[in-house]
Amino acid sequence: MFVKKLNLICLMTFLALTPVIAMPPVDVRKITPPKLDSLHLGKKITCHRPMRHGAPNMSITKQNGQIIAHNYGHGGSGWTLGPGSAQYVNSLLLASYASDLKKETPITIIGAGALGLFTAYDLHQRGFKNITIVAEKFEGLTSHNAGGLLAPVSMDNHPEIQEMIDKIGIEAYKFYESIARKKHPHFKEGAVIVPTYFQNREESGLEPYVGKVMQPSKDVTLDFGNGTTRNMVAYDDGIFMDTAKMMKELQTYLKKNKVKFIQKKIESFSDLKGKFIINCSGLGSGKLNNDAEMISIQGHLIMLKDQDPKELEYMILVYFKEGTTKSGQKIKRSFYIFPKHLPNTSSNDVGVIGGTFIEGATKETPNEEEFETLLKGAKDFYGMDIKEELQEK
Ligand SMILES: Cc1cc2nc3c(=O)[nH]c(=O)nc-3n(C[C@H](O)[C@H](O)[C@H](O)COP(=O)(O)OP(=O)(O)OC[C@H]3O[C@@H](n4cnc5c(N)ncnc54)[C@H](O)[C@@H]3O)c2cc1C
């Protein structure tokens, strides 16, 4: 008893003598987890990132009298870099062939994904009037399916080109920001500003954007209201690129402005008659440009349905450990969630979860079991356990 009293006196004396250190208040953000039971899961999508080992190809070659500018191989960052990459490649082409390129000179773009459409849009802005897009497919592309997080991640850059990639990304950020802030002269939809959460600053790839176009990130705690909290880094001016909407906006604008669209598979550049070609054929460049560095990185996405859109105004990306798939392929798993909404679906069908990166996997190796792993990763992240799921049902 006496010892206890003495301890108490010691503790009180210690507290009285300890200077009060003002701790910054913890920024706790309450997030209601999405509904992830089977009734709230929609379409499952497998699609493939056009990745080029080393760096995207943004260069110009001359072949059999044709000038071919390349703009492909942006891996998991094609949307993030698209507008800036189009400006970069078009500027390179114009700087190299200024005297040959008149405003009426025919220019053919191969590919109608994000890279092809942004390239056409940028050329049109520069006053070119004779633009044709030739593509094997115009709908249901990787560019339509992509998640929509603006972050220069999941690509393979040589450190020497990182500065250039950051410049391109910063230009792209400005483009999307103007749409999100309703200041863009041509596009009303296609980008939204939402808080974006990563495990740490390094994994976001966005630190070079801070101070130039973005505000500094903050340390926050996400509280899912079920006893699970996660310490994360928040970029409150993150950008969600609404890929399906942006594709529609671009197609509509280009068609209205007399850019020609021709559906055709190109087997060789010599199939095309014009002198100036811009190759934006994504994964098709492996064969078309005989590029051995091109590789497909398979991704899995699950669309969510019947959610509360107000509860999904944010993005999260967390990485897990690397592993192997059932068939022994190397896989990098992650969990991400974005507020994606497919056209012609109910306004409550909001949200996409995703997060697989399987190098070399193609349409022929669908890895169906990865959808289950992805769902489990999402539930673990939000701290949802089996009991909770059963109650929901
Ligand atoms: C699951 C997943 C999630 C993603 N999430 C994001 C994200 O959050 N943020 C981000 O920045 N990026 C993301 N990406 C990456 C992004 O989607 C791609 O980098 C981008 O869409 C590539 O665009 P592209 O125009 O190069 O290719 P594609 O969209 O594949 O278009 C290629 C075009 O070329 C045409 N083509 C190909 N070969 C030929 C040929 N021989 N002749 C004629 N036409 C041809 C095709 O028909 C098509 O029109 C994601 C990708 C996946 C798979």
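Helix packing, sheet and ligand shell in a predicted model

Modeller: In this predicted model, helix 2 (residues 78-96) packs against helix 3 (residues 114-125) with the axes 8 Å apart and an angle of about 40°.

Biologist: Why are helix 2 and helix 3 called oblique to each other?

Modeller: Angles under 35 degrees count as roughly parallel and 65 to 115 as roughly perpendicular. The angle here is about 40°, and helix 2 and helix 3 are therefore oblique. Helix 2 passes helix 3 in a right-handed crossing.

Biologist: Which residues of helix 2 and helix 3 meet?

Modeller: From helix 2 they are Gly78, Trp79, Gly82, Pro83, Ser85, Ala86, Gln87, Val89 and Asn90. From helix 3 they are Ala114, Leu115, Phe118, Thr119, Tyr121, Asp122 and Leu123. The residues of this contact divide into 9 nonpolar, 6 polar and 1 charged.

Biologist: What makes helix 3 oblique to helix 7?

Modeller: The axes of helix 3 and helix 7 (residues 243-256) cross at roughly 40° and come within 10 Å. Roughly parallel would need an angle under 35 degrees, so helix 3 is oblique to helix 7. The crossing of helix 3 and helix 7 is left-handed. Helix 3 contributes Leu117, Ala120, Tyr121 and His124 to the contact, and helix 7 contributes Met247, Leu250, Gln251, Tyr253 and Leu254. The residues of this contact divide into 7 nonpolar, 2 polar and no charged.

Biologist: What makes strand 3 and strand 10 edge strands?

Modeller: The open sheet has 6 strands in the order 3-4-11-5-6-10, with mixed pairing. Strand 3 (60-63) and strand 10 (260-263) each pair on one side only, and they are the edge strands. From one strand to the next, the twist averages 25°.

Biologist: How do you know that strand 4 and strand 11 pair?

Modeller: Pairing needs at least two bridges. Strand 4 (residues 66-70) and strand 11 (residues 276-279) have 4 bridges, in the parallel sense, so they count as paired. Ile67 stands opposite Phe276 in strand 11.

Biologist: Which residues are closest to the ligand?

Modeller: Of the 41 residues that surround the ligand, the closest are Gly78, Gly113, Gly282, Gly284 and Gly299. Elements that give two or more residues to this shell include helix 2, helix 3, strand 6 (131-135) and strand 12 (294-304). Strand 2 gives the most, with 4 residues.

Biologist: How do the residues of the shell around the ligand divide?

Modeller: They divide into 18 nonpolar, 19 polar and 4 charged.

Technical notes. Residues numbered from 1 in each chain as written. Predicted model: local features only at pLDDT ≥ 70, side-chain atom pairs only at ≥ 80, totals over all residues. Axes fitted to C-alpha atoms, helices over the stretch in contact; angles between N-to-C directions. Parallel < 35°, antiparallel > 145°, perpendicular 65-115°, else oblique. Left-handed = near helix turned anticlockwise from the far one by under 90°. Contact = placed C-beta atoms within 7 Å. Nonpolar A, V, L, I, M, F, W, Y, C, P; charged D, E, K, R; others polar. Near = placed C-beta within 6 Å.
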